[in-house]
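Subject: Structure handover

Hello,

Here is the structure I promised to pass on. Please open it first, then read my notes beside it.

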Amino acid sequence: MQGRAAVALLFAISAVVYGSARQRHTHDALPDRSSGSRGQLVGTWRLISRVVMLEDGTPAQDPGLGKTPSGYLIYDSSGHMSAQLMRPDRPMAIDCGTPGPAPRENSQSVNGYDAYFGTYTIDETSHTVTHHLEGALAAADVGKNLVREFQISGDKLTIIVRTSSPKEKQIRTLIWGRVY
């Protein structure tokens, strides 16, 4: 009986030590959000809303991602990022063609989906973040540098994308909520 009690005690102590070490390690891995814009930007963000307007304030339609896309935007502390956006009512049939070239300031959605990854840099004076695309769903987007204005308020990130499509200039305002 004493052997069982000793094993149980060792198991309990091991569990406490393991749990304590794991909790400390998890805490250490949390990003420091106090060190300027980069620190505040680090994390996972979920898309809350996306509004597309013409330069004169007229609402515009986005045929690629629609009115209410969903998505995630991730920035890590080492300077890497990824973005994924999806039209909720995208077609079930896969059509990998693109309707035409995307403006140089934006990426191209394919079949109601847009995704890219790479690194990012921040310009503190102009409050912009530049996404340097290393990979993208649309091959023509690889190598692009996409400049976005940004503002962080609490757990909300606002990103403004100014594009000049072949027909008109657009202003896209994306509101993101912090997940992590």
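Two strands pair if DSSP finds at least two bridges between them. Keep that in mind for β2 and β3 (residues 80–86), which pair in the antiparallel sense over 6 bridges. One caution before the rest: this is a predicted model.

**The overall picture**

The protein chain has 2 helices and 8 strands. Along the sequence, the pattern reads α-α-β-β-β-β-β-β-β-β. The chain holds 180 residues, and 34% of them are buried. Now take the contacts between residues at least 6 apart in sequence. Of these, 52% join residues at least 24 apart.

**Around β2**

Start with the neighbours of β2. Strand β1 runs antiparallel to β2, and 4 bridges join them. Within this pairing, T44 stands opposite I74 of β2. On the β3 side, G71 has L85 as its bridge partner. The hairpin of β2 and β3 has 4 residues between the strands. In that hairpin, G79 takes a positive phi near 95 degrees.

Which residues of β2 are on the covered face, and which are on the uncovered one? G71, L73 and Y75 make up the covered face. S70, Y72 and I74 make up the uncovered one.

Y180 sits in the segment after β8. Its relative accessibility is 40%, so Y180 counts as partly exposed.

**The end of β8**

R178 belongs to strand β8, which covers residues 169–178. Is R178 buried or exposed? R178 counts as buried, because its relative accessibility is 17% and the cut-off for buried is under 20%. The R178 side chain also reaches the backbone oxygen of Y180, at 3.4 Å.

**Salt bridges**

How many salt bridges does a search of the whole structure find? It finds 5. Side chains of opposite charge can pair when their charged atoms come close.

- R87 and D89 form a salt bridge, with the closest N and O atoms 2.7 Å apart. D89 is exposed, at a relative accessible area of 54%.
- K144 and D141 meet through their side chains, at 3.0 Å from N to O. K144 counts as buried, at 14% relative accessibility. D141 is buried too, with a relative accessible area of 1%.
- R162 and E149 form a salt bridge between their side chains, at 2.5 Å from N to O. R162 lies in strand β7 (residues 156–164) and E149 in strand β6 (residues 145–153), so the pair ties together parts that are 13 residues apart in sequence. R162 counts as partly exposed, at 44% relative accessibility. E149 is partly exposed as well, with a relative accessible area of 28%.

**Two loop residues**

G57 is in the loop between β1 (43–54) and β2 (70–75). Its relative accessible area is 37%, so G57 is partly exposed. Now find Q170 on your screen. G57 and Q170 are 113 residues apart in sequence, but their C-alpha atoms are 9.1 Å apart in space.

R90 is in the loop between β3 and β4 (113–123). R90 is partly exposed, with a relative accessible area of 31%. Which residues does R90 contact, leaving aside its neighbours within four places in sequence? They are N111, G112 and Y113. P69 is another residue to check: it is 21 residues from R90 along the chain, and 9.7 Å separates their C-alpha atoms.

**Where to start**

Begin with β2 and its 6 bridges to β3. Finish with R162 and E149, the pair that links β7 and β6.

Best wishes

Key:
Residues numbered from 1 in each chain as written. Predicted model: local features only at pLDDT ≥ 70, side-chain atom pairs only at ≥ 80, totals over all residues. Heavy atoms only, no water. Buried < 20%, exposed > 50% of the residue type's maximum accessible area, 1.4 Å probe, protein only. Polar contact = N/O pair within 3.5 Å; in protein donor to acceptor, adjacent residues only side chain to side chain. Salt bridge = Lys/Arg side-chain N within 4 Å of Asp/Glu carboxyl O. Contact = heavy atoms within 4.5 Å.
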